[in-house]
Amino acid sequence: GVATPITTPIPIATNYISCPTKGTLQLSSLVKTTFGSIIWHQSENGGVSTIPGSIDKSIPISDTVYASAMYNGCESSVVKALVIVYEKPEIATVDLSNLNNVQVIVEKGTNPYEYTEGNKTLSIYRVADLGKQTFGTHQFKITDANGCKTDSSFSIEPIPLVPDKFFSPNEDDKNPVWNIQNIEFYPRTD
């Protein structure tokens with residue numbers, strides 16, 4: 001026959017720690033026992049028994065569930081399972097005040113962030129560090145310290161070039177140089 005345990009076996013608790021995903025998690029799936037039945041508690045000290053519900057795996061949460069096992073009228077010690085759904089990082093702002101130093105500022109998620117655009121990975125998102133044209137759409141991935149990823153993009157509209165109306169290099173010191181406003185934003189033009 002099957003040997004009967006002398007003490008009530010402690011249940012096995014499994015933490016659920018994840019980035020946001022689709023679906024629902026039944027909290028009762030986090031604690032299992034080999035003998036007897038599971039009793040759910042409101043705290044580590046036991047207390048009133050509860051019935052755990054479920055969580056939406058797409059909504060950030062940080063919680064703990066507590067349970068013990070009941071076998072042959074004896075109760076095991078209480079175990080706990082962590083339930084954590086991290087926040088995904090999101091763009092808070094794109095600072096376009098200086099086109100020579102365009103920066104993406106991220107909120108939510110957990111610092112430090114990594115930014116990947118094409119084959120370049122940056123610890124601070126600055127367009128200048130990508131070695132590419134500023135204008136147009138920038139599509140990139142933000143990965144936070146927990147490994148949560150977000151695909152993001154933003155666009156920078158081209159700045160018009162404004163050439164001087166007159167240019168007369170005739171040595172009278174009036175309009176000897178032809179200036180073009182905003183030319184500095186167009187690489188490879190000097």
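Biologist: Which residue in β10 is the bridge partner of Val65?
Modeller: Bear in mind that this is a predicted model, where local features need pLDDT of at least 70, side-chain atom pairs count only at pLDDT 80 or more, and totals for chains, interfaces and linings use all residues. Residues are numbered from 1 along each chain as its sequence is written, and side-chain values use heavy atoms, with hydrogens and water left out. Strands here are DSSP runs of E, at least two residues, and helices are runs of H or I, at least four, numbered from the N terminus. Look across from Val65 into β10 and the bridge partner is Ala81.

Biologist: How many bridges join β8 to β10?
Modeller: Two strands pair if DSSP finds at least two bridges between them. β8 covers residues 61-71, and β10 covers residues 79-85. They run antiparallel, and the number of bridges joining them is seven.

Biologist: And in β8, which residue is the bridge partner of Ser37?
Modeller: Strand β5 (residues 37-43) runs antiparallel to β8, with five bridges joining them. For Ser37, the partner in β8 is Met70.

Biologist: Which residue takes a positive phi in the hairpin of β8 and β9?
Modeller: β9 (residues 74-75) pairs with β8 in the antiparallel sense over two bridges, and Met70 stands opposite Glu75. The hairpin has two residues between its strands. The one with a positive phi, near 50 degrees, is Asn72.

Biologist: Why is the pair of Tyr115 and Tyr125 called edge-to-face?
Modeller: Rings of Phe, Tyr and Trp (its six-membered ring) pair if their centres lie within 6.5 Å; planes under 30 degrees apart are stacked, over 60 edge-to-face, and the rest tilted. The whole structure has five such pairs. With the centres of Tyr115 and Tyr125 5.8 Å apart, the pair is edge-to-face because the planes meet at 75 degrees.

Biologist: What does the C-alpha trace span along its principal axes?
Modeller: The protein chain has zero helices and 18 strands. Along the principal axes, its C-alpha trace spans about 110 × 30 × 25 Å.
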